[in-house]
Amino acid sequence: MKNKQALFKLSYGLFILTARDGDRDNGCITNTCMQVAEGPVRIACAINKNNLTHDMVLETGVFNVSILSEEAQFDTFKHWGFQTGHEVDKMVEVEYSRADNGVVYFTDQVDAYLCAKVVQSIDLGSHTLFIAEVTDGDVVSDVAPATYAYYFAHIKPKPAKPKVKGWICKICGYIYEGDPLPEDFICPLCKHPASDFEPLEG
Ligand code: FE
């Protein structure tokens, strides 16, 4: 590929995707969710296989999508995106609502939510693509929805002036002090690979 940065020009929204398996609720952040058909209404969402939410959706076939607005805080991304339900219970001290399908959704920092039932799962390697029927949904705010570009420009904290040579994670702003960045480096905060880092500009 001539320039991998081309992929960063794709536009996306940002979503908290939630699921429930038994009495365990969990959720994760995804940027890959879109409506792909209207008769019947179908959405497609890709979830990273490392996420507990992935296994829960695969198991139960039911999930909700809370569409994040421009009011979404970086802490919200940290909470739902940069830690895993395999290690922590993300539901502790969190305010939520529960839809008729039994799955959690959110109304704070959110524009709307959709309830979905999986009709097809496609193994894509790192991710599974879930094609789902929309069973319910509602609008909860008229604030503009957050795009991934908006997240990069306005939500992700700006790095302080670097004192050392290093690399910064484009996804979450984590700074690796040192040069070069090891090729197999994985961001300790958001778990993205070395290819999502860029050199710090001094
Ligand atoms: Fe990161």
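This is a predicted model: local features need pLDDT of at least 70, side-chain atom pairs count only at pLDDT 80 or more; totals for chains, interfaces and linings use all residues.
User: What makes the contact between R20 and D25 a salt bridge?

Analyst: The term requires a side-chain nitrogen of Lys or Arg within 4 Å of a carboxyl oxygen of Asp or Glu. The N to O distance between the side chains of R20 and D25 is 2.8 Å, so the pair meets the criterion. The structure holds 4 salt bridges.

User: Why is D25 called buried, and why is R20 called partly exposed?

Analyst: Buried means under 20% relative accessible area, exposed over 50%, and partly exposed in between, with a 1.4 Å probe and protein chains only. D25 has 8% relative accessibility and therefore counts as buried. R20, with a relative accessible area of 27%, is therefore partly exposed.

User: Which salt bridge does R98 form, and which parts of the chain does the pair tie together?

Analyst: R98 forms a salt bridge with D25, the closest N and O atoms being 2.9 Å apart. R98 lies in strand β6 (residues 97-98) and D25 in strand β2 (residues 24-30), so the pair ties together parts that are 73 residues apart in sequence. Strands (E, at least two residues) and helices (H or I, at least four) are DSSP runs, numbered from the N terminus. R98 is partly exposed, at a relative accessible area of 36%.

User: How do you know that K49 and D123 form a salt bridge, and where do they lie?

Analyst: Their closest N and O atoms are 2.7 Å apart. The pair links distant parts of the chain, with K49 in the loop between β4 (41-48) and α1 (52-60) and D123 in strand β8 (residues 110-123), 74 residues apart. K49 is partly exposed at 30% relative accessible area, whereas D123 counts as exposed at 57%. Salt bridges that share partners also join R20, D25 and R98 into one network.

User: How many aromatic pairs are there, and why is the pair of F74 and F82 called edge-to-face?

Analyst: The structure holds 13 aromatic pairs. The ring centres of F74 and F82 are 5.9 Å apart and the planes stand at 65 degrees, so the pair is edge-to-face. Rings of Phe, Tyr and Trp (its six-membered ring) pair if their centres lie within 6.5 Å; planes under 30 degrees apart count as stacked, over 60 as edge-to-face and the rest as tilted. F74 is buried, with a relative accessible area of 14%, and F82 is buried, with a relative accessible area of 14%.

User: What makes the pair of W80 and F106 tilted?

Analyst: The centres of these two rings are 5.0 Å apart and the planes are at 50 degrees, so the pair is tilted. W80 belongs to helix α2 (residues 74-81) and F106 to the loop between β7 (104-105) and β8, 26 residues apart. Both W80 and F106 are buried.

User: Which residues form one aromatic cluster?

Analyst: The cluster consists of F8, Y12, F74, F77, F82, Y148, Y151 and F152.

User: Which atoms coordinate the iron ion, and what makes the arrangement tetrahedral?

Analyst: The SG atoms of C169, C172, C187 and C190 coordinate the iron ion at 2.2 to 2.4 Å. Donors are N, O and S atoms within 2.8 Å of the metal (3.2 Å for Na, K and Ca), and sites may look incomplete because water is not among the atoms. Four donors count as tetrahedral if all angles lie between 85 and 135 degrees; the 4 donor atoms here subtend angles of 99 to 118 degrees, which makes the arrangement tetrahedral. Along the chain, the donors follow the spacing C-x2-C-x14-C-x2-C.

User: Is T30 buried or exposed, and why?

Analyst: T30 has 6% relative accessibility and therefore counts as buried. T30 is found in strand β2.

How values were computed. Residues are numbered from 1 along each chain as its sequence is written. Side-chain values use heavy atoms; hydrogens and water are left out. Four donors count as tetrahedral if all angles lie between 85 and 135 degrees; four count as square planar and six as octahedral if opposite donors are over 155 degrees apart and all others between 65 and 115; anything else is irregular.
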